[in-house]
Amino acid sequence: MSTTILRVPGRAGGAPLTSLVLALAAVLVGLLLGPAAPQAQAATDVRLLQRDLAGLSYAPLSAVDGIYGSQTTESVRHFQSDNGLDADGDAGPATMSALTAKVKQVQSKAGTSADGDYGTGTLSAVRSYQSAHGLGVDGIAGPLTMGAMNIDRITSSGAGSDSDTKLLQRNLVGLGYLAADGVDGVYGPATKDAVLSFQSDNALDVDGIAGPQTDAALAAKVKQVQSKAGTSADGDYGTATLSAVKSYQSAHGLDVDGIAGPRTMAAMGIARELSGGSSGGESGGTPSVPPLSGSARDKIVQAARSQLGVHEWGNNCNPYGPCEAWCALFASWTWRQAGVSFSTAFSGDFYYYGQRNGTLHSGLSNPQPGDAIVFGSGPQSTTTSVHVGIIEKANADGTVDTIEGNSNDQVMRHHFSPATRGAYAIVSPAGA
């Protein structure tokens, strides 16, 4: 069978008509549509990207239109910034992988198929989860919902190299914001919490991201400590600074640990807190609290977080009550900010409150944000019930993150296993 090839007159050697038509069509499409979008930004992929961004509250649901415009670009940049990715607004393989992984975490917690596509099924499942947990029911996994699910929304500083992160961690350890074993070069939850506390103390945007402003403020504070301790002010809280601070502490009758915590900084005449929200610990009066929203548990946690860094003055003087041991004063104050009618200066009273209201957990089971966790051997007296804190987050591995008053004379975060730290009770606020 022979094949006839049509040729266009006037073209040397001729060319298949079909090929020419296709070539002309491609030119016309290029002229009409402009440069071709990257393959990852095909219409169907863009809609998937937009659904996931909207589901995690980085974009409105109305933005799911299949067009990779300026709004989608900014939403991608925001997600990238929260997750330690290059914030270039281009949803390349690394960004899509991180976004899909985060959506799958939400889907797993909401009890639906973890396929990485935040579609109508996921919206419905998240609504059910929110309803069951006293959250605003909108189907969107925003910060409060992800917090209740124990999913970290911000997972990296975006700071860059391992050496940069270790410098950040050394400085946070040196100023008492991070445990001594926290210098590992990994920007994990403990480092993020330490950054949040430092930012709260220093009138910075409290976002957990160690950007240029946070790094500069931290280095400046370290340099102040180094100058007072008589060592080279290079902004790196290394072994030489630890040694110099130990010498300063020994000469001034302070605990000798090399850490420039609240007492050492106070002796050096260095202001640890610069933010208006934390200054209540310096001057007394009513603590400053930002607007609170969400469920009672959300409000308790928000109130507790707003006080991070507040510290006592004089002999146990604090902004939550009289000049006395004040962990219970602080914990009951956080409950009252959420409308819970309870006030006490004794940690054991939380146990009895739980007995009266039926909110005492069996053993140390099922901790939830906003619960009180009580330490010691029992509620009988101040010698048996020695401390109380507020649970900020319950982790999948059985550990909890707490915010505690009168901890090293201030409001601080802690991360631990309840059983190994000597807790004897977990108590929920009534109605939460």
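V374 has V388 as its bridge partner in strand 2. The structure shown is a predicted model. Strand 1, residues 372-376, and strand 2 run antiparallel and are joined by 5 bridges.

How many residues of strand 1 are buried? The count is 4 of the 5, so strand 1 is largely enclosed by the rest of the structure.

## Helix 9

Helix 9 runs over residues 212-229 and has 18 residues. From its first C-alpha to its last it reaches 26 Å, close to the 26 Å expected at 1.5 Å a residue.

Which residues of helix 9 are buried? They are T214, L218, K221, V222, V225, Q226 and A229. These residues lie on the same side of helix 9, because they cover an arc of only 140° around the axis. The face turned away from this buried side carries the exposed residues P212, Q213 and S227. Just after helix 9 comes G230, which takes a positive phi of about 80°.

## Aromatic pairs

There are 14 aromatic pairs in the count. One of them joins F342 and F350: the ring centres are 4.9 Å apart and the planes stand at 75°, so this pair is edge-to-face. Both F342 and F350 are buried.

F342 also forms an aromatic pair with Y353, at 4.8 Å centre to centre and with 50° between the planes, and this pair is tilted. The pair of F342 and Y353 links distant parts of the chain, with the two residues 11 apart. F342 sits in the loop between helix 14 (327-337) and helix 15 (348-357), and Y353 sits in helix 15. The relative accessibility of F342 is 9%, so F342 counts as buried. Y353 has a relative accessible area of 4% and is therefore buried. Elsewhere, ring pairs link Y320, W326, F330 and W333 into a cluster.

## The chain as a whole

The secondary structure of the protein chain comes to 15 helices and 5 strands. The protein chain has 432 residues, of which 47% count as buried. Its accessible surface comes to about 20000 Å², and carbon and sulfur atoms hold 54% of that surface.

Among contacts in the protein chain with a separation of 6 or more, 46% are between residues 24 or more positions apart.

Methods. Residues are numbered from 1 along each chain as its sequence is written. This is a predicted model: local features need pLDDT of at least 70, side-chain atom pairs count only at pLDDT 80 or more; totals for chains, interfaces and linings use all residues. Side-chain values use heavy atoms; hydrogens and water are left out. The expected span of a helix is 1.5 Å times one less than its number of residues. Buried means under 20% relative accessible area, exposed over 50%, partly exposed in between (1.4 Å probe, protein chains only). The arc is that of the directions from the helix axis to the C-beta atoms. Two strands pair if DSSP finds at least two bridges between them. Contact means heavy atoms within 4.5 Å. Accessible areas come from the Shrake-Rupley method with a 1.4 Å probe; for residues, only the protein chains shown count as cover. Rings of Phe, Tyr and Trp (its six-membered ring) pair if their centres lie within 6.5 Å; planes under 30 degrees apart count as stacked, over 60 as edge-to-face and the rest as tilted.
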